[in-house]
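User: I am new to this structure. Please take me through its confidence and its salt bridges.

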Amino acid sequence: MEAHLLEAFTGRPMDPLASTPRAQYDPALTTQNARVDAKLLELKGTSLGRARSTFHLLWKTYQQDGAAGLNARMHRKGEQRLAISRADPRLVTIIDRFLDRQTDKATSSKKRCAVLVRRALETTYPGDPICEIKARTLQGYINERAAGRYSFDKATTRRNTDNSPKRQYHSGAAYQLGERCEIDSTDLDVLVWDETSEFRPKLTVLLDVASRVPLAWAIHADSPGGFDHALLLARAIIGRKAVPGSGAATLSGSAALPSALMKQVNPYLSDESLALPWIFPRSITIDGGADFRSRTFRDACRAYGIHRELAPSGTPTVKPHVERNFGTLSSDFAAWLAGFVGNSVAHRGARDNPTLTLDSLRLILDSWISNIYLNKPHQGLKSTSSPGRIFTRIRCTPNSSASGLASQCLSESRSTSPCCRPNVA
């Protein structure tokens, strides 16, 4: 429309390559009324067709406010007003009271909520005209007040939303290795077998937030306790070959592991242990489980000066990185193993696949983390000093889109930082 207005009123050609205006829009040969008539005839039947008065009004608007004013005039956005803005404040108060109570209750229907609201109105204001509100109008009010509250969605969604902090959001990223770590346990989505039965083992991971590197991990047949987590912390702090019976010590003597390639990944290796970075955990975020709050695990953290940060009850979002790590382990690792069952019975096949033993699963997980997981680019590792590069958790390779921090920290800290050392005894 801007180009049409300029051509009709000033004679400026619409074609940017044209040196002279068209004959019917040449100010030297035609009058302004003639040019406007020609333009109205040209736009007739199109989406830009306007009456003469409207066309002059658009030109006046363009002269005063430019293209922005012209756009606002042609594309007016009506203010959407909620119907409940005209409702009685007493009714709004009662509706909000019932919606707020739904946070910890089972999910019910909107029809049931409308019945309860009407009963409350009749009890609180008997004989008042507010009790005669139409059912359709009341249902519309409830729908508008329930928007964004998940009052009639999944109960888990309501509880997680209610656990969100009542404050301004800020970044929870960590910028130093070991500054913030997260630990948690989950059921691995793989069936294993022993001499008597098949079961899903428990997986515990201690993850560093800054580099997304798992400092230590363990697979247990039953639910682990505080003593098991203390051993897990020992595997993360001291050299793996110094831990008797550890998976790394067994793997170091295995001919199946590409030890030469692992040494290229981490040139600091002077023995045959796994090629994993050594990061000292300074703070560990735990949940309210009795195993993490046990005296044994507390004393182990206290002995090394590690701060334990207790997450609020029912808030898995406080440990988002380790929770997301469990999803990666399920989709990228467990899904490729025999005995994969998914995270629920609904995802399980009609017949279970052949299953692995617990020891073989431990060996496979150790090999997968050291050879595949740590060498996979991670989009969450960002660094403003190296734009346009994708970094893995161990080393960096030039690529096209993102950048990372872990590998840069690991490489730069080889000779300067005591926080990252080779995983040796």
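**Confidence and salt bridges**

Analyst: The protein has a mean pLDDT of 79, and 78% of its residues reach 70 or more. pLDDT is the predictor's confidence in each residue, on a scale from 0 to 100. This is a predicted model, in which local features need pLDDT of at least 70, side-chain atom pairs count only at pLDDT 80 or more, and totals for chains, interfaces and linings use all residues. Residues are numbered from 1 along each chain as its sequence is written, and side-chain values use heavy atoms, with hydrogens and water left out.

User: Which element of the protein has the lowest mean pLDDT, and which the highest?

Analyst: Helices (H or I, at least four residues) and strands (E, at least two) are DSSP runs, numbered from the N terminus. The highest mean pLDDT, 94, belongs to strand S4 (residues 202–208), and the lowest, 33, to strand S12 (residues 420–422).

User: How many contacts does the stretch of residues 242–251 have beyond near neighbours in sequence?

Analyst: A contact means heavy atoms within 4.5 Å. Where pLDDT is low, predicted coordinates should not be read in detail. Over residues 242–251 the pLDDT is below 50, and the number of such contacts in the model is 14.

User: How many salt bridges are counted?

Analyst: A salt bridge is a side-chain nitrogen of Lys or Arg within 4 Å of a carboxyl oxygen of Asp or Glu. By this rule the count is 18.

User: Asp100 and Arg149 meet in a salt bridge; how many residues apart in sequence are the parts it ties together?

Analyst: The N to O distance of the Asp100 and Arg149 pair is 3.0 Å. Asp100 lies in helix H4 (residues 89–100), and Arg149 lies in the loop between helix H6 (135–146) and helix H7 (155–162), so the parts tied together are apart in sequence by 49 residues.

User: Is Asp359 buried or exposed?

Analyst: Buried means under 20% relative accessible area, exposed over 50%, and partly exposed in between (1.4 Å probe, protein chains only). Asp359 forms a salt bridge with Arg362, with the closest N and O atoms 3.3 Å apart, and both lie in helix H13 (residues 358–371), 3 residues apart, about one turn of the helix. Arg362 is partly exposed at 31%. Asp359 has a relative accessibility of 52%, so Asp359 counts as exposed.
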